[in-house]
Protein chains: 2
Amino acid sequence: MNPAAGRAGRPTLAVVGATGAVGTVLLGILSEHADIWGEIRLIASPRSAGRKLAVRGEQVEVVALTEDAFDGVHLAVFDVPDEVSARWAPVAVGKGAVVIDNSGAFRMDPDVPLVVPEVNPHAARVRPRGIIANPNCTTLSMIVAIGALHAAFGLSELVVSSYQAVSGAGQAGIDALREQHARVAGTDLGTQPGDVRRAVGDTGPFPAPVALNVVPFAGSLTEDGWSSEELKVRNESRKILGLPHLKVSATCVRVPVVTTHSLAVHARFENEVTVAGAHEILAAAPGVVLCDDPAAGEYPTPADVVGTDPTWVGRVRRSLDDPCALELFVCGDNLRKGAALNAVQIAEAVAAELPS
Amino acid sequence: MNPAAGRAGRPTLAVVGATGAVGTVLLGILSEHADIWGEIRLIASPRSAGRKLAVRGEQVEVVALTEDAFDGVHLAVFDVPDEVSARWAPVAVGKGAVVIDNSGAFRMDPDVPLVVPEVNPHAARVRPRGIIANPNCTTLSMIVAIGALHAAFGLSELVVSSYQAVSGAGQAGIDALREQHARVAGTDLGTQPGDVRRAVGDTGPFPAPVALNVVPFAGSLTEDGWSSEELKVRNESRKILGLPHLKVSATCVRVPVVTTHSLAVHARFENEVTVAGAHEILAAAPGVVLCDDPAAGEYPTPADVVGTDPTWVGRVRRSLDDPCALELFVCGDNLRKGAALNAVQIAEAVAAELPS
């Protein structure tokens, strides 16, 4: 049977930025999920037009990003740089599409909801500009777990340190780590000042070597020494949770991991917490896996979490000085829940409510 | 001239655990520093006895750890497992030596001072058991900077996340990372659940792979889910700073870095702080290098700090929600200031006050 035959009357989905690291994962997720779509149109830069990519077991030709590319599109998921989204998302909306945008261009626009389906699904319904924003991967890698704990205990403060994977910088980040690894493996580097830096040479999209190193800077510099990535964690957590005055301090650090962001989280609540109470909440929370039995060696690590959908939480401890504070270690695949999966979840929810 | 000729009447120093990762660095530091010692006696397990190691440009034969090995020793620096220190440090004291111990055996003993010469030098003079303890490498990698800020602003709380190098687990940790790197370099591992774990196989002294991964557990499990390493940061910071009620929450994480621990620190003070004020304190603090100009790409990373003596501090930011809180990123070579250098500094200070 021709699969297209059963798709008549279903919404058309456009994927803008189909050839990137997130786009690739997104096509994989669309192929795994229940097929609710009519056409899936793949859009990318003119440079990539004509390439064929697999989705739903079919080869689909990539078309160039033009106004006409949005003809007949009901939903468009964008994963492109901020400036491309800023220019083209309104074009897609003008052609009648609802846009789900994974860039930073619209996230803090008061007329654009910032949505995590497990946390604030209803926000997706109020979209005055026709755009729904998908949060930054670092925020997304923890917010499902934090949202569940907030609903139970009332969040008042977050202190977050990240261990961010190189694929947060796209395929260029993955390539950079692999090239750097090839230069340091089998050596005795890492014991003298600058030896790794000299061996690595070009650091690619990162401001310092990521092989045999950690780099305490991600994104661009904003005011007062904060990086853009750190302010995203702050501003987006506040908006998603509906807590405009939430105290948030983040330090964002790149580590030599391919995919899956980790975060060490110190979370203070309005109410007293217990480890048992937090375990109960996390074990029942949709989209969360509790993995917390250190006596059995069970805590999440990126190597175990990569390629999976949920937010994994372990190392739950109550502060020894503050009965209202918890420590957590959280891992989430930054390309799946941290980007592509959350966007697909939003798209599926919007599609279910489209007039047929 | 025979160098030994000028050494008459000077104190004899014993290095117990001379062949380990810290011992090797310690002999290097003794060779670089001003030569204040008479004999330097190298002591290790019977298995290593008879090996020759270079110190002060001379080959010195390692002797086995026995009671007689401490004959005539004035100071003994121990870098051996807890149980070896617990047994042998009192033996050395009984033979008349002052012991500087780098294990965890005595650190929290109220009759043993825990000393960081830049922070609490006077504590070294009161040593009822004849033992001075050297702090854990994670605590030491930040405490000089924190101590300077405490002296200026009055510390009330620390929330710390570590990025700990594999050499914190000794030469076995270094060997494990290098073997694991050899197995993952040149592959496309790190994208599927468990692919790194399968490729790495034996994880050596770590509970999970450290190549292409971060491991949120270091040390052993204690009560309520805390690791021994996390409680060391808490208990030792309190003792060194003389703040028995200091609030401390630490999450200790191993990263694929050979040497140099990093820490993201959220520090609350009794008084209001400014970035400019903190910069002034840190720039003037002995043993600290301020490296904080992110616009110029200047912040400490392990690859740049390894092999150096100071505590490097960057990414200084004031909390956007709390005028009494600072965020810092701190790096320190865990084998030098984090272990061997601090022990040598203590030994030199004690030697200067020995009756001649």
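Modeller: To start, A:Arg7, A:Asp35, A:Arg56 and A:Glu58 are linked in a network of salt bridges; a salt bridge here is a side-chain nitrogen of Lys or Arg within 4 Å of a carboxyl oxygen of Asp or Glu. This is a predicted model, where local features need pLDDT of at least 70 and side-chain atom pairs count only at pLDDT 80 or more, while totals for chains, interfaces and linings use all residues. Residues are numbered from 1 along each chain as its sequence is written, chains are lettered from A and ligands numbered from 1 in the order in which they are written, and side-chain values use heavy atoms, with hydrogens and water left out.

Colleague: What does B:Arg56 pair with in a salt bridge?

Modeller: B:Asp35, at 2.7 Å from N to O. B:Arg56 sits in the loop between strands E3 (52-55) and E4 (58-61) of chain B, and B:Asp35 in the loop between helix H1 (21-32) and strand E2 (40-44), so the pair ties together parts that are 21 residues apart in sequence. Helices (H or I, at least four residues) and strands (E, at least two) are DSSP runs, numbered from the N terminus.

Colleague: How many salt bridges are there between chain A and chain B?

Modeller: 10 between chain A and chain B; the search over all chains finds 35.

Colleague: Which residue does A:Arg315 bridge to?

Modeller: B:Glu230, with the closest N and O atoms 2.7 Å apart. The pair crosses between chains, from helix H6 (residues 228-241) of chain B to strand E13 (residues 311-318) of chain A.

Colleague: Is A:Arg315 buried or exposed?

Modeller: Buried, with a relative accessible area of 1%. B:Glu230 also counts as buried, at 1%. Buried means under 20% relative accessible area, exposed over 50%, partly exposed in between (1.4 Å probe, protein chains only).

Colleague: And what about B:Asp304?

Modeller: B:Asp304 forms a salt bridge with A:Arg197, closest N and O atoms 2.8 Å apart. B:Asp304 is partly exposed at 23%, and A:Arg197 is partly exposed at 33%.

Colleague: Switching topic, how many residues of chain A are in contact with chain B?

Modeller: 71 residues of chain A are in contact with 71 residues of chain B, contact being heavy atoms within 4.5 Å.

Colleague: Where is A:Ser249?

Modeller: In strand E10 (residues 247-251) of chain A. A:Ser249 counts as buried, at 2% relative accessibility. Not counting residues up to four places away in sequence, A:Ser249 touches several residues, including A:Trp226, B:His266 and B:Glu327.
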